[in-house]
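Thanks for sending this one over. Here are my notes as numbered points, to be read with the model open beside you.

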Amino acid sequence: MEPGTHDPAAATTTLNLRVRFCDTDLMGIVHHANYLAYFEAGRVEWLRRRGVTYGSWTERGMHLPVVEASVRYRAPARFDDVVTIETALTQLRALSLRFAYRIARAGVLLAEGFTRLACVDASHRLTRFPPDVMSILRSAESVPADVALG
């Protein structure tokens, strides 16, 4: 986020997930495309812990499409591994935001990356985040964490 607008510790959420068999490829490792799905799981959980669901925002006519994504792979994850997804809001602008992600297993970094999401209305036109949404995005977690080990 912009300097001075947030507490970095409040901007981070951690989620544990167990790798499902369907996430793996013929080599027995998580298919590269599934890391973007893990990023999404982290992002949805980040919002949920601040009391937000995508459904509640879409009811207001607000959508957050991914407009840019990057993944750097460091080590493989395998079926039944429990991975930790760390999601941090790193930039908040009037029309977009950026999340950074780190995926690890027992302290070993597996992948890292980011996504940039735009704020658009129901007609898919760029729109500013409303002031109440900006306040939510700057807030710390308020909903207790659930461990989703599937």
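1. A definition to start with: rings of Phe, Tyr and Trp (its six-membered ring) pair if their centres lie within 6.5 Å, and planes under 30 degrees apart count as stacked, over 60 as edge-to-face and the rest as tilted. Under that rule, ring pairs link Phe39, Trp46, Phe99 and Tyr101 into a cluster. The structure holds six aromatic pairs.

2. A word on the source. This is a predicted model, in which local features need pLDDT of at least 70 and side-chain atom pairs count only at pLDDT 80 or more, while totals for chains, interfaces and linings use all residues. Residues are numbered from 1 along each chain as its sequence is written, and side-chain values use heavy atoms, with hydrogens and water left out.

3. One of the six aromatic pairs joins phenylalanine 21 and phenylalanine 79, edge-to-face, at 5.7 Å centre to centre with 85° between the planes. Phenylalanine 21 lies in the loop between β1 (12-18) and α1 (34-48) and phenylalanine 79 in the loop between β2 (66-73) and β3 (82-92), so this pair ties together parts 58 residues apart in sequence. Helices (H or I, at least four residues) and strands (E, at least two) are DSSP runs, numbered from the N terminus. Phenylalanine 21 is exposed at 61% relative accessible area, and phenylalanine 79 is partly exposed at 45%. For these words, buried means under 20% relative accessible area, exposed over 50%, and partly exposed in between (1.4 Å probe, protein chains only).

4. Phenylalanine 39 and tyrosine 101 make a stacked pair, with 4.2 Å centre to centre and 10° between the planes. Phenylalanine 39 belongs to helix α1 and tyrosine 101 to strand β4 (residues 96-105), so the pair ties together parts 62 residues apart in sequence. Both phenylalanine 39 and tyrosine 101 are buried.

5. Two arginines deserve a look. Arginine 50 lies over the face of tryptophan 46, 3.7 Å from the ring centre, and arginine 98 over the face of phenylalanine 114, at 3.6 Å. The rule here is that NZ of Lys or CZ of Arg is within 6 Å of the ring centre and within 35 degrees of the ring normal.

6. Next, the largest nonpolar core, which has 31 residues; Tyr38, Trp57, Leu97, Ile103, Phe129 and Leu137 touch the most other members. β1, α1, β3, β4, β5 (108-118) and α3 (131-137) each supply at least two residues of this core, and α1 gives the most, with five. Such a core is a set of buried Ala, Val, Leu, Ile, Met, Phe, Trp, Tyr and Cys residues joined through side-chain atoms within 4.5 Å.

7. Where is threonine 115 found? Threonine 115 is in strand β5, buried at 2% relative accessible area. A polar contact of 3.4 Å joins its side chain to that of arginine 43; the term covers a pair of N or O atoms within 3.5 Å, where within protein one must be able to donate a hydrogen and the other to accept it, and residues adjacent in sequence count only if both atoms are side-chain atoms.

8. Please check two backbone spots. Alanine 106, in the loop between β4 and β5, has a positive phi near 50° and is exposed at 80%. Histidine 124, in the loop between β5 and α3, has a positive phi of about 70° and is exposed at 61%.
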